[in-house]
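Hi everyone, thanks for coming. Let's take a look at this one together, and then I'll walk you through a pocket and some helix packing.

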Amino acid sequence: MTGPALSDPLDWRAAKAPALDEIEVIAIEAFRRLPTKFRALCEDLIIRVEDFPTDEVLDEMGAESEFDLLGLFQGVGLPFRSESAPVRMPNMIWLYRRPILDYWSEHEEVLGAIITHVLVHEIGHHFGLSDDDMHAIEASIA
C-alpha cells in the first residue's frame with residue numbers, strides 16, 4: 001500500500017487529538033445539521049466541551065469511571081416548559097472530550113458521527129424519544 005499519505009511513515013508525528021475547542025466546533029456544526037424540528041426541542045442550546053465530567057456528575061449518574069459518560073443534557077426543553085416556572089438556566093449539552101476520543105479510538109466510526117450520535121441521544125433521551133426515532137434523525141443528516 002503506497003501513496004502520498006504513506007510515503008513518509010513518520011507523518012503521524014504531527015497528528016494530535018482534537019482540542020476542546022475543535023470538538024466544540026464539530027459539535028456546533030453537527031447540531032446545525034440536525035432537523036429544525038429536533039433542534040427546536042432545545043431552543044438556545046449551549047454546547048460545552050470539557051475533558052471529563054465532574055465528580056458530582058459522575059456520582060449523580062452512577063458512573064464507575066470517568067470514561068463511562070460521553071455527554072450530558074442539562075435543562076428543560078420546550079415541551080416541558082411552563083409560563084409559571086421560575087427563571088431557568090439555558091439548555092446545555094456537555095460533551096466529554098477524553099471519553100469521546102477513547103470511544104473513537106476503539107471503534108471504526110468517524111469522530112463527527114460519534115459526536116452527532118452523542119448530541120442526538122442526549123437530547124432525545126431527555127425528551128423520551130425512542131432509539132428508532134433517534135436513529136432516524138441521525139440517518140436524515142448522514
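What volume does the largest pocket have? About 220 Å³. A pocket here is an open set of points on a 1 Å grid over the protein atoms alone, where a 1.4 Å probe fits, with protein on both sides within 12 Å along at least five of seven lines. Its volume is the space filled by probe spheres set on the points, which are joined across faces, edges and corners.

Before going on: this is a predicted model, where local features need pLDDT of at least 70 and side-chain atom pairs count only at pLDDT 80 or more, while totals for chains, interfaces and linings use all residues. Residues are numbered from 1 along each chain as its sequence is written, and side-chain values use heavy atoms, with hydrogens and water left out.

Back to the pocket. Lining residues, meaning those with an atom within 4 Å of a point, number 13, and the closest to the centre are Leu70, Gly71, Val118, His121 and Glu122. Helix α5 (111-126) and strand β2 (71-74) each give two or more residues to the lining; both are DSSP runs numbered from the N terminus, helices being H or I of at least four residues and strands E of at least two. The most come from α5, with six residues.

So who packs against α5? Start with α1, residues 20-32: the angle with α5 is about 60°, and the axes are 9 Å apart. Axes are lines fitted to C-alpha atoms over the stretch in contact, and angles run from 0 to 180 degrees between N-to-C directions. That makes α1 and α5 oblique to each other, the word for whatever is not under 35 degrees (roughly parallel), over 145 (roughly antiparallel) or 65 to 115 (roughly perpendicular).

Next comes α4, residues 97-106, which packs on α5 at about 125° with the axes 10 Å apart. Therefore this pair is oblique too. Here Ile100, Leu101, Tyr103 and Trp104 of α4 meet Leu111, Ile114 and Ile115 of α5. By class, that contact has seven nonpolar, no polar and no charged residues, where nonpolar means Ala, Val, Leu, Ile, Met, Phe, Trp, Tyr, Cys and Pro, charged means Asp, Glu, Lys and Arg, and the others, Gly among them, are polar.

Finally, α6, residues 131-141, crosses α5 at roughly 140°, with axes that come within 10 Å.

How values were computed: Contact = heavy atoms within 4.5 Å.
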